[in-house]
Amino acid sequence: VTLNSGDPQTYYKNLLKSKRQACKTSTLNTMEEALFAQASNATMETASGKIPYSLPAFITPDGLAPTGFTTVQTLSPATNDGWRNQTEDYDPTDPANTTSGLVRAMDRMWHKVRFVSPRSQTEYFESDRLQKMMIATNLDGITLIQSLTRDANDRLTPANNLGWVAGNVAYGGLPIEYISELDTALVNGGAAIASDEPWFYYINLEYLYPIFHTEKYMLEKEPMQNPRQPYSYVVWTTTYYNLFCRSRRRQGIITPTGT
């Protein structure tokens, strides 16, 4: 650090800055992984809990409280109909079926959560509100959507391009996002998502967002040393935050029939 800081004219790389950047990247990656962590009443809902809520704590297959919970943010969805997320299901053995398949479930869910289509591609990129609406699924889900999209056409477009839909799948002008955490995330009380029965989360981040403590956001502690490594330092950072949901009715999930 001593030889790689100070006057920018005298060093090739700011080592301390790169260390701080790596630390913040690691923190944000950890927070992203926590978004799809298994919901835990003991660590999230109770007053003594110290772990932020995850998305599965607010978005459940039956719209009620997650397994092990009786309340969500201290409110009971069993007695408060308005405090339930939207739900739909589809037949995983015949996802292309027009009456029980995935596309019909997506059509119904779109209206239930009141998603809005951009009138143009430019409007999507210019509108913060539209960018807060997203559909999330795992690798099996995104490839299923790609297959349904491809099979719905009588020919490949553009011509001779078998992978023309890869990475470019949308519904109503909003992107369907592949979330790698859902490939291994534990959901629904600890049961993993079956490879042939993907789930689809409809998330509206206008009504579900993180709240950070103003004095505890990536706050750096003083450097620490170990007597056995006097020339090595460790700097811990502290971040206080939690997810806050102000409308579960604007969130939804599509699951296989019988989930």
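## A walk from a hairpin to the rings

Let's start at a turn: β3 and β4 form a hairpin with two residues between them, and G172 in that turn has a positive phi of about 60°. Before going on, note that this is a predicted model, where local features need pLDDT of at least 70, side-chain atom pairs count only at pLDDT 80 or more, and totals for chains, interfaces and linings use all residues. Residues are numbered from 1 along each chain as its sequence is written, and side-chain values use heavy atoms, with hydrogens and water left out.

Helices (H or I, at least four residues) and strands (E, at least two) are DSSP runs, numbered from the N terminus. Two strands pair if DSSP finds at least two bridges between them. Strand β3 (residues 170–171) pairs with β4 in the antiparallel sense over two bridges, and A170 stands opposite P175 in β4. β4 also pairs with β2, this time in the parallel sense and over three bridges. There, I135 stands opposite I176 in β4.

Now for helix α7 (residues 139–151). Its 13 residues reach 18 Å from first C-alpha to last, close to the 18 Å expected at 1.5 Å a residue (the expected span is 1.5 Å times one less than the number of residues). Which residues of α7 are buried? They are G141, I142, L144, I145, Q146 and L148. Buried means under 20% relative accessible area, exposed means over 50%, and partly exposed is in between (1.4 Å probe, protein chains only). What covers the buried residues of α7 includes α4, β2 (133–137), β4 (174–178) and β7, where contact means heavy atoms within 4.5 Å.

Next, the rings. Rings of Phe, Tyr and Trp (its six-membered ring) pair if their centres lie within 6.5 Å; planes under 30 degrees apart count as stacked, over 60 as edge-to-face and the rest as tilted. A search of the whole structure finds ten aromatic pairs. In one of them, F115 and Y202 have ring centres 5.7 Å apart and planes at 35°, so that pair is tilted. F115 lies in the loop between α4 (102–112) and α5 (121–126), while Y202 is in strand β7 (residues 200–204), so the pair ties together parts that are 87 residues apart in sequence. Both F115 and Y202 are buried.

Then there's Y124 with F125: their ring centres are 5.3 Å apart and their planes at 80°, so this pair is edge-to-face. Y124 is buried, with a relative accessible area of 14%, whereas F125 is exposed, at 56%.
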